[in-house]
Amino acid sequence: MNILKFFTAGSVDDGKSTLIGRLLYDTDSILADQLEALQSSNRKNDDGTIDLAILTDGLRAEREQGITIDVAYKYFQTEKRKFIIADTPGHIQYTRNMVTGASTANLAIILIDARNGVVEQTIRHSYIVSLLGIKHVVVCINKMDMVDYSETAYNAIIEKYKVLAQQLKLADVTYIPVSALKGDNIVQTSQNMDWYEGESLLHFLEKVDTDNLDKSQLARMPVQWVVRPQTEELHDYRGYAGRVLSGTFNLNDKVTVLPSGASSTIEKIEFFDQAPAAAHAGQSVIIHLKDDVDISRGDTIVNASALPQESKLIEADLCWMDTRALDTSIMYNIQHNSKITRCKISEILHKVDINTLEKHAAEEFKLNDIGRVIIKTADALAFDLYDDNRANGSAILVDTRTNLTVGALMFRAAVE
Amino acid sequence: MSTYNFDYLDELEAEAIHILREVAGQFEKPALLFSGGKDSITLVRLAEKAFRPGKFPFPLVHIDTGHNFEETITYRDQMVERIGEKLIIGSVQESIDQGKVVEQTGKNASRNALQTVTLLDTIAKYQFDACIGGARRDEEKARAKERIFSVRDEFGQWDPKRQRPELWNIYNGKIHKGENIRVFPISNWTELDVWNYIRREKIDLPSIYFSHERDCITRNGQLMAASPFLNMDDEDVVERKQVRFRTVGDMSCTAAVESDATLIDDIISEISDSKISERGARLDDKVSEAAMEDRKKGGYF
């Protein structure tokens with residue numbers, strides 16, 4: 001059994017919370033006391049049934065306003081898989097929350113109201129999915145019960161969406177007609193849509209290929225911590241602790257340590273009481289090198305045959321996440337894995353209108369703005385392009401005045 | 001490309017180890033909040049996996065209400081002895097003696113709420129800048145929205161509206177003087193995940209997690225262990241019951257469930273079938289729908 005992390009964006013009106021509530025409810029993931037709280041709540045559907053959306057509305061402010069203002073994480077599992085849902089609001093003022101929720105997901109659910117078809121927010125949500133490089137997309141055409149489960153209506157919508165998917169280079173898109181409210185095609189295949197030959201949403205989620213097994217050749221491990229017991233019997237012990245971001249390290253692999261450029265060979269891999277022959281993407285291990293090289297937190301161990309880019313000038317997509325606008329005259333901290341260094345945004349290349357996908361020149365960058373910038377760092381970063389290696393191609397910006405996380409960066413090119 | 005088996009417990013474990021090492025790398029004076037409960041016991045095992053053969057880069061901190069299950073304290077002391085790490089105890093009794101908090105009165109009196117003051121005092125005394133805790137997002141809906149690195153102000157308060165975005169696996173631990181960060185490495189685990197991990201790792205637990213006979217009374221529809229810490233009166237009927245506890249907390253607010261589960265396997269099948277979530281067994285969450293949110297804002301774990 002493995003984990004699938006998925007992301008849902010949608011507005012209250014799309015029935016997104018109802019969809020998630022339905023997944024939880026129909027997979028028996030709601031416990032008695034939660035159900036009791038639900039039933040005693042005074043929010044009900046028009047027909048008196050439980051409003052499943054309440055299950056995902058966490059904070060009191062949200063309950064009062066009936067909206068989701070943050071990222072909520074929900075968990076459920078079936079016999080086949082454990083699921084982690086990042087549930088985010090879909091309005092444009094919560095773009096940063098969507099970007100946050102999308103950053104850890106390997107599948108996105110895009111909800112389309114069957115009565116309205118592809119609308120402005122569909123474009124916005126799909127753009128965020130493509131920007132954050134989410135591999136799999138499931139487009140749920142929801143509220144099919146409101147359009148008499150019409151195949152024609154469904155087909156018209158997916159034809160339109162295919163154009164958008166092509167424009168955004170979304171490679172793997174699956175379409176499912178559903179009614180979250182009635183439960184059609186969520187867990188059980190619907191009796192109301194004989195014309196639909198695909199699987200239910202849950203069934204699809206259970207078997208879609210996850211990215212947990214990273215097949216990339218780009219072996220990368222940022223050093224988080226140097227283990228040095230300094231006891232008598234472990235006098236010379238020096239292990240580099242970190243989580244393998246991508247690729248595989250094997251014993252005797254030639255590696256390079258960045259930024260120093262020092263070369264060495266992997267002598268030993270440790271995981272608590274085990275000494276495996278390889279360390280794979282996702283695993284947290286300790287690596288020992290044959291040579292005595294100077295390594296500390298913030299350095300990255302990489303395989304010598306596939307080096308990352310190294311640059312102090314990087315072209316990147318930026319999503320601005322703070323109420324205080326970007327100031328191109330001041331320094332920020334950039335945090336790239338375990339490395340933190342100073343930086344400046346030296347140029348704004350363009351901003352994207354995420355409702356229309358149009359690019360335009362811009363002087364300022366405010367909350368929820370997304371666009372392309374050039375970033376200049378004090379120390380060179382050893383990075384990969386985001387589309388090649390998400391984990392080593394992303395970074396955050398931190399405002400040193402407030403310590404807030406103010407920007408999300410996806411590296412697109414090293415500037416020569 | 002070699003294949004390898006990396007299942008959901010491996011992935012959750014690797015993520016938690018990564019988070020613990022980020023704490024070690026980013027903070028000057030971190031601490032691990034240890035309650036003696038299964039979640040913090042799991043954290044100790046994860047810390048061993050993150051830092052051995054080195055020492056933990058933080059002490060364990062126990063906020064002791066004085067109303068403990070004896071079994072928990074025995075377990076705590078034996079575990080500290082085994083792992084050879086430092087334990088700091090913050091005492092709620094001391095906070096009461098110093099007049100910083102006042103003991104609740106009445107039938108439902110509990111020291112659970114008083115812990116917050118002792119915790120904040122302990123943080124201030126040792127100047128901890130990060131406190132690692134075993135909270136999980138599946139426990140409660142306010143927690144579902146909390147970050148893995150969760151900033152608290154000088155007064156220990158959590159402000160849900162001013163949470164930092166947390167992207168990819170990058171954790172921003174920068175704080176101002178006086179603030180601290182609560183870190184939740186097992187945020188993405190469910191109760192069942194924790195139990196499955198405990199089984200897989202063969203981790204010992206305090207005996208109160210398993211079925212045993214105990215004198216109990218019924219309060220607000222829940223079974224409570226009869227103890228000197230519970231304000232009992234003539235209306236309370238003491239009954240001998242076969243019970244176990246699903247969480248370990250202050251004796252005056254942790255409810256028991258009737259159970260014959262004597263082995264971890266029994267517990268796992270009990271939870272899988274169960275219709276009561278774990279926090280449902282804590283009286284203090286039942287007070288209002290927004291109870292947890294309010295307590296977190298006030299500096300609770």
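In chain A, strand β11 (residues 254-258) and strand β12 (residues 262-270) pair in the antiparallel sense over 4 bridges. The model is predicted.

**The open sheet**

- Both β11 and β12 belong to an open sheet of 7 strands in chain A, which has the order β7-β15-β11-β12-β14-β9-β8, with antiparallel pairing.
- The edges of this sheet are formed by β7 (220-222) and β8 (225-227) of chain A, each of which pairs on one side only.
- On average, neighbouring strands of this sheet are turned by 40° against each other, direction ignored.
- Within the pairing of β11 and β12, A:Val257 has A:Ala262 of β12(A) as its bridge partner.

- Strand β4 (residues 107-113) of chain A is mostly covered, with 7 of its 7 residues buried.
- In a regular strand, side chains alternate between the two faces of the sheet.
- In β4(A), A:Leu107, A:Ile109, A:Leu111 and A:Asp113 point one way, while A:Ala108, A:Ile110 and A:Ile112 point the other way.
- The residues pointing in either direction from β4(A) are all buried.

**The β-α-β unit**

- β4(A) pairs with strand β5 (residues 136-142) of chain A in the parallel sense over 7 bridges.
- One of the residues involved is A:Leu107, whose bridge partner in β5(A) is A:His136.
- Together with helix α5 (residues 120-131) of chain A, β4(A) and β5(A) make a right-handed β-α-β unit.

Terms used. Residues are numbered from 1 along each chain as its sequence is written. Chains are lettered from A and ligands numbered from 1 in the order in which they are written. This is a predicted model: local features need pLDDT of at least 70, side-chain atom pairs count only at pLDDT 80 or more; totals for chains, interfaces and linings use all residues. A residue is buried if 20 or more other C-beta atoms lie within 10 Å of its own, exposed if 12 or fewer, and partly exposed in between; C-beta atoms are placed from the backbone. Helices (H or I, at least four residues) and strands (E, at least two) are DSSP runs, numbered from the N terminus. Two strands pair if DSSP finds at least two bridges between them. A crossover is right-handed if, with the strands pointing away from the viewer, the path from the first strand over the helix to the second runs clockwise. Axes are lines fitted to C-alpha atoms, for helices over the stretch in contact, and angles run from 0 to 180 degrees between N-to-C directions.
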